[in-house]
Amino acid sequence: MISPHQSEWETWLQKWFIPFLIAAVVVNAGGLLIPILEPDGSLYATIAKTIAQTGDFIHLRVEGKDWLDKPHFPFWMAALSFRLFGINAFAYKFPALLFWAAGAWYTWRLALSLYGKPVAQLAVLIYVSAAHLVISNNDVRAEPYLTGLIIGSIYHFYRASRSRPGLHLLAGAFCAGCACMTKGPFVLITIGAGFILDWISGKEWEQFRHPRWWIAIGLTGLFMLPEITCLYLQFDLHPEKIVFGRTGVSGVRFFFWDSQFGRFFNTGPIKGSGDPFFYFHTLLWAFLPWSLLLYAAIVQKCRRRRAIPGDMICLGAALASFVVFSLSRFQLPHYLNILFSLFSILTAEYLHSVRRRWTQKTIRVLQNSIAVLLPVLLLVLCWFFHFGGWVLIMIVIAGLAVLPFLLFRGPLMSVPIGRSFWMALLVFSFVNFILYPAILEYQAGTVAGGYTRNLSPIAQPVYLLEEAPVSYSFEFDCPHPVERVPMDSLAAALRRGQGLAADTQEPAAGGQGVLVFAPPAFSDSLALRGYRTTALRSFPNFHISQLTGKFIDYHTRASVLTPWALMRVAAR
């Protein structure tokens with residue numbers, strides 16, 4: 001017999017699930033039309049661009065130098081997309097969006113298998129509207145790939161544990177292997193920890209001895225072989241290469257140890273300084289508008305015993321990974337994204353199970369408060385930033401913010417959830433269609449890269465100076481070949497541009513010169529070396545992935561901008 005509480009959710013979801021899901025997909029896909037953000041997104045896109053142009057899928061290189069940091073899988077996906085759609089931001093982000101969508105599908109499948117259709121629908125809605133997942137579909141790194149692969153592996157292994165393994169075991173191992181080739185073998189902690197807790201909770205000791213899991217480990221290792229092979233060919237076969245300032249660096253060792261456990265213990269070549277509470281407060285904004293509900297869901301889940309086989313998988317995987325991340329010495333907010341599928345299922349199950357009136361009232365108060373606060377923050381941001389047509393934007397935001405309070409009314413639990421989802425989409429629509437296009441006007445490399453399309457023939461290189469800061473966005477968005485050279489090497493570049501021998505350090509006399517993109521302060525240094533510089537255009541620049549109050553406030557924005565210039569450099 002269906003309880004009134006369950007009937008309420010089923011009725012609401014039957015009406016709103018599809019419209020909300022379509023709207024969320026459109027909002028998330030909005031990032032496809034936005035240029036790539038610096039620094040990491042542009043760096044990774046530049047690496048994939050090099051793979052696509054050269055056809056070399058084995059070596060990862062930056063500015064012609066060997067690069068050892070991240071595994072190959074995301075770069076392979078982006079490079080294949082570049083070959084299909086051309087080299088542009090859409091092609092870079094599209095495969096990541098597909099893996100995010102796969103994460104939504106597997107979230108649905110796992111929640112449906114464990115808790116039924118209403119919980120699965122709620123979990124998907126929470127997943128597609130979680131703040132940092134939407135952000136990561138715009139600022140694409142490895143996380144959208146990982147999110148889909150990890151929850152896919154967990155789902156297939158769950159199905160393999162409850163039925164004849166067959167294809168599910170193979171698919172789970174394939175997803176796990178690809179996840180390792182995306183971020184490293186530490187992801188196996190996230191994939192396996194939930195099963196361990198679930199089996200211990202249910203006293204399923206026979207699972208630990210079952211041969212299918214040894215087969216799964218072997219298959220996962222087999223699917224990792226492409227990554228290990230590439231690292232061996234690029235680094236282990238060439239110990240003379242200088243990486244991290246030294247020779248004899250093993251790419252295979254870096255993959256299995258230094259890139260993962262080396263960061264955890266702070267003993268590897270890439271170091272950080274961790275805060276054990278960093279992810280507790282990061283989660284408050286990263287999982288908005290559902291973060292407070294998630295904390296409540298985890299507390300409730302920890303108090304309960306396993307209800308059904310598989311009931312503790314999401315909790316075990318999420319908690320084990322969260323603890324590892326919190327103890328690590330190297331921490332970044334987007335590391336949490338791979339857990340959002342699990343968080344969504346935990347939160348959805350909690351919402352669907354709430355029966356106490358006091359708890360329901362508390363949820364209504366909290367979620368309605370968030371639904372009021374979010375559009376207020378947007379209005380304040382509009383006021384200070386002064387977007388083009390900002391008055392009209394504020395009026396539209398105010399109107400759209402009122403609608404959910406008219407559409408969703410009454411004492412039911414679905415009311416604050418509908419309002420929260422609506423406000424989340426309003427915020428992320430603003431971010432993707434108004435905020436990012438506006439602030440990207442201050443990413444000088446992107447704007448300058450587009451400007452060069454109308455200049456010299458595409459075959460002519462444009463130069464960045466090694467003495468200047470890097471600009472990966474310019475390297476990616478510029479249609480010309482881009483080379484990064486020391487200032488003293490510009491003489492050779494000038495001679496190549498004139499078809500002369502490049503075996504002298506003296507500037508070549510005459511000629512139209514070469515294009516150089518750098519801060520204009522470097523024009524003085526070039527003049528001291530005997531060059532004549534002509535500024536073609538100046539571009540304001542700001543590190544837009546780390547917004548500050550002074551940048552947001554239109555009164556003080558000019559004071560924090562640093563100019564870059566596209567210059568034509570020639571001999572005097």
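1. Salt bridges overall. A search of the whole structure, which is a predicted model, finds 16 salt bridges, a salt bridge being a side-chain nitrogen of Lys or Arg within 4 Å of a carboxyl oxygen of Asp or Glu. Local features need pLDDT of at least 70 and side-chain atom pairs count only at pLDDT 80 or more, whereas totals for chains, interfaces and linings use all residues. Residues are numbered from 1 along each chain as its sequence is written, and side-chain values use heavy atoms, with hydrogens and water left out.

2. Arginine 484 and glutamate 63. These two residues form a salt bridge in which the closest N and O atoms are 3.5 Å apart. The pair links distant parts of the chain, 421 residues apart, with arginine 484 in strand β4 (residues 482–485) and glutamate 63 in the loop between β1 (61–62) and β2 (65–66); strands (E, at least two residues) and helices (H or I, at least four) are DSSP runs numbered from the N terminus. Arginine 484 counts as partly exposed because its relative accessibility is 21%, and glutamate 63 counts as partly exposed at 29%. Here buried means under 20% relative accessible area, exposed over 50%, and partly exposed in between, with a 1.4 Å probe and protein chains only.

3. Glutamate 204 and arginine 306. The side chains of glutamate 204 and arginine 306 meet in a salt bridge of 2.6 Å, N to O. This pair also links distant parts of the chain, 102 residues apart: glutamate 204 lies in the loop between α9 (187–201) and α10 (206–209), and arginine 306 in the loop between α16 (291–303) and α17 (313–327). Glutamate 204 is buried, since its relative accessible area is 8%.

4. Aspartate 258 forms a salt bridge with arginine 253, the closest N and O atoms being 3.4 Å apart; aspartate 258 counts as buried at 10% relative accessibility, while arginine 253 counts as partly exposed at 47%.

5. Cysteines. Taking a disulfide as a pair of cysteine sulfur atoms within 2.5 Å, the count comes to zero. The sulfur of cysteine 175 has its closest cysteine sulfur in cysteine 178, but the two are 6.8 Å apart and therefore too far for a bond. Cysteine 175 counts as buried at 10% relative accessibility, and cysteine 178 is buried with a relative accessible area of 4%.

6. Nonpolar cores. A nonpolar core is a set of buried Ala, Val, Leu, Ile, Met, Phe, Trp, Tyr and Cys residues joined through side-chain atoms within 4.5 Å. The largest nonpolar core has 161 residues, of which Trp12 and Phe387 touch the most other members, and its largest share, 15 residues, comes from helix α21 (residues 414–439). Apart from this core lies another, of 18 residues, among them Leu465, Ala491, Ala493 and Met567.

7. Surface patch. Val391, Leu392, Ile395, Val396, Leu400, Val402, Leu403, Leu406 and Leu407 make a nonpolar surface patch of about 780 Å². Patches are made of residues with over 30% relative accessible area and no salt bridge, nonpolar side chains (Val, Leu, Ile, Met, Phe, Trp, Tyr) being joined within 5 Å and like charges within 9 Å; accessible areas come from the Shrake-Rupley method with a 1.4 Å probe, and for residues only the protein chains shown count as cover. Leucine 403 is found in helix α20 (residues 390–407) and counts as partly exposed at 34% relative accessibility.
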